[in-house]
Amino acid sequence: MPFPQTKLPITVELQINGAWTDISGDVRTQGGTDAILIKRGVSASGGTVAEEGSCSMTLDNNAGAYSNRNPMSPYYGFLGRNTPLRVGVAYGTPWLDVPYGSTNRATTPDASVLDITGDLDVRVDAELATWGDAAGNDTTGTVELVGKYNTAGQRSWRLLFTETGSLRLNWSTDGSVVFFADSDVIDVPPGVRLSVRATLDVNNGSGGYTATFYTSTTPGTAGPWVQSGRAFSVSPTTNIFNSTAALEIGDLSSLGFGNLARKIYSVEVRNGIGGTIVANPNFESQTVGATSFADTAPSPRTWTVTVGAISNRFLRFVGEVSEWPPQWDTGGMDVTTPIVASGILQRYGQSKTVLQSTLRRRIAALATLNAYWPMEEGADATQASSPIAGVQPMQVTGFTWAADSSLAGSAPLPQLAPPSTMTARTPGSLPGDWHVECVYKLDTLPASPTLMLQANLSAGTAATIQFLIGVAAARITVLDSTGATIASADFAPNNFTDGWGRLQLWTSTSSGTVTVFGRWLVIGAPQAWFVTTAFAGSPGRVATVLGTWGSAFADLRLGHLAVFPETGVSPYDNADIAFDGETAAARLARVATEQGARMSVAAYAADTELVGAQAMDTFLSVVTSAAQADEGMLCEAREFLGLRYRGRASLYDQPSALDLPYVATPQALMVPLRPVDDLQGVRNDSTVTRLDGSSGRSVIATGPLSTQDPPAGIGTGYDEDVTLNLHTDGQAALHAGWRTHLGTWDEARFPEVNISLEKNPALIPAAVRIDTGSRIRITPPLLKQLPPDPIDQLVLGYEENISQFSWRLAFACQPYGPYRVAVADDAVLGRADTDGSQLGASITSTATSMQIATTSGPLWDTDPAQYPVDIRMGGETITVTGVTGSSSPQTATVTRSVNSVVKAQTAGTAITVATAAIAAL
C-alpha cells in the first residue's frame, strides 16, 4: 500500500570519502521531535536574498558510528566539518533521473528502423531544474534531451534545450557538418514539467527544409501541441545522415555539455512527421531501479539504463553538516547525534575575503600568460609582486604607490615621482609572436616623442622595441643589438590623454616579415588608434619590459602590466571598466565561475537589469548587489550545493504551480490560514539612488496605501532611500516606481500556507516542485468573510517536516498580483485600465445592462472585437460583452456576478478593468 498507509521512503545520504553513503536506517523519523525539518528560501518577512537553509534530524548513535572521533566508527576520519548531506523522498511513478553533475542516460543500439534520413518527429516529456540557465554558456548551460549523435563522422541528429531558453534541433547531412534550428524562447519557470516537440521536414516542397517546434502542458508525447513561434524554413533541401550512433536519452555520451539536473518521463521518435513510431521509451511505466527494458514501438527497442537512473526520488535538500554533537540519556542507554546541515549560504556568509579587482581576477586566471604584475601594492611597497608562480617581482624606483583609485577595474595604482624606473623580467618562453599590455593615465603629453615603454627581446632579429609618445607623434622604434634603428613609424597621438587608457605592443609574423603594432585606446570608449612598422626576420621573445621616466612623465599612472605568448588577445576588455553595463545575469554567472562557485541563473540574460561597476567586496556581497539591482530572488539551489537566482522577469505571469481548493475532499490545507493586512513591506515613497550616481523618486499620492492622510490613504512615513548598483541614472526612477508598485499592492498576504501531503498524496508531484519564486493559488469557494477571488500568492520559502507517516509543508508567501504584468495583444493581460469610469445609474443585482460614465480619458471602444472584458465594480467581477453609444454615458451589455458576488450597485461606483495591464520594470 502507498503512503500514508505505509512508511514514507525517506533517503538520507552522507558523502563519505567521496561517495554517497545511505544512512537512512539510522535517522529517527517516527514523528514529533523525531522528524526531518527543512527550512529553505526567503522568510515571510520578504527580501531579495534567502536566509541560509537548514536541515535538522536526529541520528541513532548507539553503535558510535556518528561520533567523529570514535576510531571504531566505520566513518572514522570522514565525519568532518561540512560533510555533504542530501535528503530525498521516493513517491509515485518513476522517471529517467539525471541529477546535477551526473551522466545518467538510457541508450539503445543503432538499428535499421532508427536510420531516419528523411522527415523527423521527436518528442520529449521532461522536467528541467532550470529551463534556460543563464549561468551556463554554449557548453555548460545547454541541456541534452535525446539524440542519435556520436563523434564527428557519425552524427545524425540531437534535441537540446539551450541556456537562452530555446529548443535546438541539430542534424548532419554527412555525419560531420552540423546544421541547427532554434525555437523561439520558451518561457517556463524552473522545475515545471513540459512536453516539447521538434519536427524536421527535409523537403518542404518549396526548395528548402522546415524545422518546427511545439510545446504541450499535457504530460506525455501525444499533445495537444502548441507551435512555439514561427517555423524555421531555409533553402535548399536537406537530409539526415544515416549514422551508426546509438539512440541516447539524457546525457549524450560523446558531447561536452554541462550536466544540469533534469527528469525525463518519456520520449517518442517517429520516422516522418506524425509518422511511424520507431522508439517510445516510457520511464514512468518502468520499475524503480531497472537497468533494462523494452519499449512498445511496433519494432520494440531494448534500452539499457545507467544503474539507479530510473528513480522516483524527489531531492529535498543538499547541504553540509558542520557539527556531530553526541547526546545520551542519564544511563547512557540511548545515544543520539542531533545534526543540522546548512545550505551554502552559511559558508558564503562566513567569508570575509574581499574579491580582488576585476582586472586582476581576469588576467591572473588566464592559461596563456607569461608574466603579470597588477601593481596594486599598498602605500609602503618597494616592489610590485606577481600572482603568477615563477615570475619575479617588478623592481621600481620613484613610484608613489596606491596614488590613484579612479580606474573602476582596479585597486589603487601608482603614480610616478620622477626620476622613475621599472624593470619587469619575463620568465623563459619559446620565441614567437608576443603581446605586452598595461593600463595608463597621462594628463599631459611630452613636448617631443619620449620613451614611455620598452620591450627588450632575445632570440630574435630585433633587440629592442620602444614606444614613444609626445605632442607631435606616437612612435614605434625597432632597434637591433647595436642600438641601430631597423624600423620606425609615427602616428598622430589621438586622444592619448583622454583619461585612463590601455597601451598595447605586439607582433604579427607572416612570411618572414614581423609587423610591430603600438596601439592605444581610451577605456570605456569604442575608438582605438595604432602605429605600426615592420622588419624582416623573427619576433624573438620578451625578456624584459622597462621604463625610465623623467619629469615629462610626472603625472603618469601605470598598472596591470602583462606579457602574453600570443597575439590578438583581449583579456582586459570589460574587466578594465569592472564590467559596468553587463546584465545582472552575466554578473552572477561570471563572478560565480571566477570564484569556482556553483550558480544557476533562472533568467534570460537580456531580461535582467544592466548593472554598474563591480565593487571589490565579498563574493556574497557582489552577487547580492546584482540580485538587488534586478529586484529578483537569490536563494540556494535544491538539487546541488550552490546558489540559484530567480530573475525578476522570470517571476512575471507564470502559471500556478499548485492550485489548492479551499473546499476539497480529501483536504490537504491545514490551519492556520490567516490573511495579514499589516504594514510590513509597505512603501509609498521610494527614492532609489544609483551607486555613485543620481537618484529617482516615486510617490504614490492616491489610493488606499497612498501618502494621503487616513482614511483616503495611510499617510507619510512609509518611505525608503535605497542605493542600487545600476548602470545608468535613468534606471533609478524606474526602480523607484517598481518598488512603490510592490509596496502599495492592496491585497492581504498569507505568511503561512500549510499543507499536509499525507491527507492528499496526489498533490505530492506538484507540491514538491514548489520553490522560492513559485506561484500557488487557493481557489474558491472561500469563506464568505474573504474576498471571493482566488488567493494568489508568491512563494518566498518554506518549512518542511518529514516523518514516516507525515509530510507537511508550510509556505511563506506574499501576494502574487504585482507580478501579473502587461503582455502585448493578450486578451487578459494586454488591457489598459480606464483613465476614469463609473456607474452612470444604479442597477439591481441581476441587471444585464448598465450605464458607463467616462469621467476622464477616452470613451469605451464600441468595436465588438474588443469584447468580452472583465471589469471590477464594488468588489463584483462583471463581464462586459459589448458597449454601444458615442457619448458618455454609454450602454454596456454585461454578465453579472462572475466571481459569485451578487449585489446591487449604486450610481457613481468606480469601474476598473479586472486585470489591468501593469507595466513591467
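How much space lies in the largest cavity? About 60 Å³ lies there. The model is predicted, so that local features need pLDDT of at least 70 and side-chain atom pairs count only at pLDDT 80 or more, while totals for chains, interfaces and linings use all residues. Residues are numbered from 1 along each chain as its sequence is written, and side-chain values use heavy atoms, without hydrogens and water.

A cavity is a set of points, on a 1 Å grid over the protein atoms alone, where a 1.4 Å probe fits but cannot get out; lining residues have an atom within 4 Å of a point. Grid points are joined across faces, edges and corners, and a volume is the space filled by probe spheres set on the points. The structure holds 3 cavities of 30 Å³ or more.

The lining of the largest cavity includes Asn370, Trp434, Arg541 and Phe564. Strands β36 (541-549) and β37 (557-564) each supply at least two of its residues; strands (E, at least two residues) and helices (H or I, at least four) are DSSP runs numbered from the N terminus. The second largest cavity, of about 40 Å³, has Ser600 and Arg644 among its lining residues.

Notes:
On a 1 Å grid over the protein atoms alone, a cavity is a set of points where a 1.4 Å probe fits but cannot get out, and a pocket is an open set with protein on both sides within 12 Å along at least five of seven lines; lining residues have an atom within 4 Å of a point.
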